[in-house]
Amino acid sequence: MTTGLTCTWTTPKEGTAHVTITGDLEFATTGTLLRLVTERLPGHPGVREVRLDCGALRFCDSSGLSELIKVLVVVADAGARLHLDNRQAALERLLTRTGTAAYLTGDALDSRARRDS
């Protein structure tokens with residue numbers, strides 16, 4: 001049974017967008033998060049950080065992971081950085097097991113930036 005997904009966009013300070021994700025990021029709800037970010041980000045050209053608050057994310061499957069990667073691409077294309085805040089243990093395990101943790105949490109970008117300097 002799908003419990004749904006709610007995503008809320010706020011811009012609490014200049015240059016930062018905060019997206020609270022509540023519910024299940026799965027096959028039945030994919031598109032919700034990506035649509036929100038894709039629609040809102042162009043209207044906020046000064047945003048340089050998009051922070052996804054995953055504290056209320058109850059479940060994330062492979063479709064949800066794909067959605068996060070698509071969001072990363074949209075955010076990066078806009079010249080901003082994506083952050084996954086308040087990651088629960090299950091999400092952390094998924095990111096680690098799939099090898100996507102470094103990309104979605106910024107660690108790969110940070111190490112590449114240090115290497116290029």
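Asparagine 86 sits in the loop between β4 (81-85) and α3 (89-98); helices (H or I, at least four residues) and strands (E, at least two) are DSSP runs, numbered from the N terminus. This is a predicted model, where local features need pLDDT of at least 70, side-chain atom pairs count only at pLDDT 80 or more, and totals for chains, interfaces and linings use all residues. Residues are numbered from 1 along each chain as its sequence is written, and side-chain values use heavy atoms, leaving out hydrogens and water.

**The loop residue**

- Most residues other than glycine have a negative phi.
- Asparagine 86 has a phi near 55°, a positive value in a residue other than glycine.
- With 49% relative accessibility, asparagine 86 counts as partly exposed (buried means under 20% relative accessible area, exposed over 50%, partly exposed in between, with a 1.4 Å probe and protein chains only).

**Helix α1 and its neighbours**

- In α1 (residues 32-40), the residues Leu33, Leu34, Leu36 and Val37 are buried.
- Looking down the axis of α1, its buried residues fall within an arc of 165°, so they line one face of the helix (the arc is that of the directions from the helix axis to the C-beta atoms).
- Those buried residues of α1 pack against β1 (5-13), β2 (16-25), β3 (49-60) and α2 (62-77).

**How α1 meets α2**

- The two helices, α1 and α2, pack at an angle of about 10°, with their axes 9 Å apart (axes are lines fitted to C-alpha atoms, for helices over the stretch in contact, and angles run from 0 to 180 degrees between N-to-C directions).
- On the α1 side, the contact (heavy atoms within 4.5 Å) uses Thr32, Leu33, Leu34, Val37 and Thr38; on the α2 side, it uses Glu67, Leu68, Lys70, Val71, Val74 and Val75.

**Salt bridges**

- There are four salt bridges here, each being a side-chain nitrogen of Lys or Arg within 4 Å of a carboxyl oxygen of Asp or Glu.
- Glutamate 49 and arginine 51 form one of them (3.6 Å, N to O); glutamate 49 is partly exposed at 27% relative accessibility, and arginine 51 is partly exposed at 23%.
- Arginine 51 also pairs with aspartate 85 (2.8 Å, N to O).
- Aspartate 85 lies in strand β4 and arginine 51 in strand β3, so this pair ties together parts that are 34 residues apart in sequence.
- Aspartate 85 itself counts as buried, at 18% relative accessibility.
- Glutamate 92 and arginine 87 meet in another salt bridge (2.6 Å, N to O).
- Shared partners join Glu49, Arg51 and Asp85 into one salt-bridge network.
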